[in-house]
Amino acid sequence: MKKLLWFCVTLVLLSCSNEKTTPNEGPWRASLDLGKGLELPFLFTYNADNSIIIYNAEEEIEVTDVQLKGDSIIIGHPVFEGVFKGIFTEDSIYGEFIQPSLDRVVPFTMVQGKADRFRVTEAPSSMISGNWETVFSPNSVEDRYIAKGIFKQTGNKVIGTFRTTTGDYRYLDGAIENDSLKLSTFDGAHAFLFHALVKDSIMEGMFYSGNHWKEPFTAKRNDTYELPAADSLTFLKEGYDRIEFAFPDTNGNTVSLTDKRFMNKVVIVQIMGTWCPNCLDETKYYTQYYNDNPSNDLEIISLAFEYAKTEEKALMAINKLKSALNVPYPILLAQVGTSSKQKANEKLPMLSQVLSYPTTIFIDKKGEVRRIHTGFNGPATGEKYEEFKKEFEDFVSMLLAENVD
């Protein structure tokens, strides 16, 4: 009898131990450990089908590449190479966020349950809604650059972004408590954290990019402040009226603007990288525009400058992006092993400088460069994004209407 009882107990225990466990469904709070007591938080939902939704202000990022094996979990982004590798229970996950090509590793913890992105207990002492004239690394000649802060505050909650001359910091989400402002975003490629003190319409703080970079910034309220025009920053060097390149596509075929498919057509050339969130936003828009406005006289082509360490991994990244967004136009591999803008300029020596990923070059039906647009004002910039779309569409329509002499 005792042997039978022991057998039954053992059978039950084995049955329970083999029962598959998954993280609990519902809201979770993640925290990246940047060191020295700094945490970069973001919120997400874990779904019954083992997918997750990451939230940054108005942005939702769906992640379906979630792999469970025993008590191990791997969470991969649909486009970017960054991956979470960790150990999970029903209500917690801990491990490391890894970007292999950059040799970057950030520890993380994730806890199940409804929580605020930033915990606050006191009311704000300032209202920061509006525009802020901003300078990053103000005391460094080499690293200094200007930006425009755009924020909306409701009670303690703050959302917004910083626009620079070369792009934006996408969807920032956070809170202000007393005079302390905290904002963060995590998009799978970039983990950004901003801490600042706000007093008398002056903001002084520190910007952290993961655990590998930090810089100070200052800002002052200025509702009339505007950045320089994005069409004046990069231009053709004297003596040039067109650009030339020859790079392989994902099938190994060399593609050039002298190819027959581009002759007597308007061509949009996008300088980008698959690792770049602003480029991802721009590629989503270009894909939609291309599909919604079919024309035999229009071509779009992207030049990918990849920091992946091998050509094989770079091509995998390009194919991953094309598949995720259903990109209908060619993406060429222009560079491997670095995202250096100086190296990019060496590949396109007719340009005065490559200041930003992305940069868009507009070429008319004669093959002449008509405009070069530096950076991209993405959907996080609100009205500026709408302005960009209208200007882009009006200018392309004008080029398409022109006749070839």
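I began at strand 25, where Ile 372 is the bridge partner of Ile 361. The model I am reading is a predicted one.

**Entry 1: the hairpin.** I looked up how strand 24 connects to strand 25. The two run antiparallel and are joined by five bridges. They form a hairpin with five residues between the strands, and Gly 367 in the turn has a positive phi of about 90°.

**Entry 2: the other neighbour of strand 24.** I then turned to strand 21 (residues 266-272), which pairs with strand 24 (residues 359-363) in the antiparallel sense, again over five bridges. Two of the facing pairs I noted separately: Val 267 is opposite Ile 363, and Ile 268 has Phe 362 as its bridge partner.

**Entry 3: burial of strand 24.** Are the residues of strand 24 buried or exposed? I found five of the five buried, so the strand is largely enclosed by the rest of the structure. Thr 359, Ile 361 and Ile 363 point one way, whereas Thr 360 and Phe 362 point the other way.

Entry 4: I traced the strand order as 23-22-21-24-25, an open sheet of five strands with mixed pairing. Strand 23 (331-335) and strand 25 (369-374) are the edge strands, each pairing on one side only. From one strand to the next, the twist averages 20°.

**Entry 5: helices across the sheet.** Helix 2 (residues 277-292) lies across strand 21, strand 22 (298-305) and strand 24, and runs at about 160° to strand 21. Helix 3 (residues 311-325) lies across strand 21, strand 22 and strand 23, at about 150° to strand 23.

**Entry 6: helix 5.** I compared the length of helix 5 (residues 383-401) with expectation: at 1.5 Å a residue, its 19 residues should span 27 Å, and the end C-alpha atoms are 27 Å apart, which agrees. Which residues of helix 5 are buried? I list Tyr 385, Phe 388, Lys 389, Phe 392, Phe 395, Val 396 and Leu 399. These cover an arc of only 145° around the axis, which puts them on the same side of helix 5. Glu 383, Lys 390 and Ala 401 are exposed on the other side. The buried residues of helix 5 pack against strand 21, helix 2, strand 22, strand 24 and strand 25.

**Entry 7: nonpolar cores.** I next examined the largest nonpolar core, which has 61 residues; Ile 243, Phe 245, Val 269, Leu 303, Leu 351, Ile 361 and Phe 392 touch the most other members. At least two residues of this core come from each of strand 21, helix 2, strand 22, helix 3, strand 23, strand 24, strand 25 and helix 5. For Leu 351 I looked up the contacts, not counting residues up to four places away in sequence; among them are Phe 235, Ile 243, Ile 271, Asn 345, Ile 361 and Ile 372. A second, separate core of 29 residues includes Leu 32, Phe 44, Phe 118 and Ala 191. In soluble globular proteins, nonpolar side chains tend to be buried together.

Entry 8: Finally I traced an open sheet of nine strands, ordered 4-3-2-1-9-8-7-6-5 with antiparallel pairing. Strand 4 (59-63) and strand 5 (65-69) stand at its edges with a single partner strand each, so one side of each has no neighbour in the sheet. The twist averages 25° from one strand to the next. Strand 3 (residues 52-56) pairs with strand 4 in the antiparallel sense over five bridges, and Tyr 55 has Glu 60 in strand 4 as its bridge partner.

Conventions: Residues numbered from 1 in each chain as written. Predicted model: local features only at pLDDT ≥ 70, side-chain atom pairs only at ≥ 80, totals over all residues. Heavy atoms only, no water. Pairing = 2+ DSSP bridges. Helix = DSSP H or I, 4+ residues; strand = E, 2+ residues; numbered from the N terminus. Axes fitted to C-alpha atoms, helices over the stretch in contact; angles between N-to-C directions. Contact = heavy atoms within 4.5 Å. Expected span 1.5 Å × (residues − 1). Buried < 20%, exposed > 50% of the residue type's maximum accessible area, 1.4 Å probe, protein only. Arc of directions from axis to C-beta. Core = buried A, V, L, I, M, F, W, Y, C linked by side-chain atoms within 4.5 Å.
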